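Trainee: Could we go through the charged side-chain contacts of a protein model together, one question at a time?

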Amino acid sequence: MAFCLRPSASGVKMKVIHYLNQFFGGIGAEEQAGVGLEFRDGAVGPAKLMEQLLGDGAQVVMTIVCGDNYAVEHQEEVTAAVLLKIKDTGADLFAAGPCFDAGRYGMVAGALCAAVQDQLKIPAITAMSGENPGVDLYREGLYIVDSGTNAGKTRDVLVKMAAIGRKLVGKDPIGLPAGEGYLPRGLLRDQLVEKRASTRMVDMLLSKMRGEKFESEMSPISFAPVPMPAAVKDISKAKVMVITDGGLVPKGNPDKIQGTAATNFGAYSVAGRDDLKGEDYEVSHGGYDTRFVQEDPDRLVPLDALREMEKSGVIGKLHDEFLSTCGRSNPLSNTRRLGREMAAKVKQEGVDCVILTST
């Protein structure tokens, strides 16, 4: 690999700008997710290690930090401010993350990388787990290192980010996803290989017939079709149930629903209640600022409003239970299972209509 950049007047060969959320920026956890955009001179948190791993005169000249909630709720404003700030810095590389399975972090990191790369023509690199929603939005236009979900492997992830970042800056060829450690981008490219396509295809077919291990050259992601449910004919006669993935549970969390990657759900009675009191409930969810729901659980499970609709005849009857689980960082296979189990209970209870509330 050839990597040689001309040093600037200050002796810096590669200027890097790194984006972090409030947690990795050292501000705090979810209670600080609303903090606004900060531009700090030099390297902060993981950006220090990134600078070290890039080596060869690389310097993180600026670390950008923003709370996840603020960044998502003001994404256009944040993106415009970041572009304006770094436009004339002479940066060689923009890095964001690693974001692991933090969805809001991943969505903003992807948006910033795409904007910097497309509008300022500065190479960008980020890292997320395969199920981070930022991946589906930006995988085709970016190199996204597969970070997995374990933040304890930050160094390993940054090693891969640095390696790809160096190649992007040096305009060196980047290998296949499995070799470089980034998530497949769904792109096809021409490449000289020893065996022609027909030979490779027959080899794979024979391996499959013999029960031997083989690797397909095309592995598209597929989702089962979900048919649109039939409309409720008369909502004024329907039995309505609330299901939430916001993690609202009675005090003590009797079903031990996990705040991340929950494996179960609970069914909790609202019979005889007109609204939900904060002192009776807690929130098992590590992915958002839960204080607002804790203060008034009706913000997540709108029992008060639905009771009024029930009394005025807008809906037929509100079911005596609501279902709750935590939707944070849950693998697709697990959420599909939970969905099937919830659907079975809905049918068993004779519910006509379900209202899904989320965070």
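Mentor: Let us start with Glu321, which is partly exposed at a relative accessible area of 22%, where buried means under 20%, exposed over 50% and partly exposed in between, with a 1.4 Å probe and protein chains only. This is a predicted model, in which local features need pLDDT of at least 70 and side-chain atom pairs count only at pLDDT 80 or more, while totals for chains, interfaces and linings use all residues. Residues are numbered from 1 along each chain as its sequence is written, and side-chain values use heavy atoms, with hydrogens and water left out.

Trainee: Which residue forms a salt bridge with Glu321, its closest N and O atoms being 3.5 Å apart?

Mentor: A salt bridge is a side-chain nitrogen of Lys or Arg within 4 Å of a carboxyl oxygen of Asp or Glu. The closest N and O atoms here are 3.5 Å apart, so the pair qualifies, and the partner of Glu321 is Lys345.

Trainee: Is Lys345 buried or exposed?

Mentor: The relative accessible area of Lys345 is 19%. Because buried means under 20%, Lys345 counts as buried.

Trainee: How far apart are the closest N and O atoms of Arg104 and Glu30?

Mentor: Arg104 and Glu30 are each buried, because the relative accessible area is 18% for Arg104 and 18% for Glu30. Their side chains form a salt bridge, and the closest N and O atoms are apart by 2.6 Å.

Trainee: How many salt bridges does the count come to by this rule?

Mentor: The rule is the 4 Å limit between nitrogen and carboxyl oxygen. By this rule, the number of salt bridges comes to 16.
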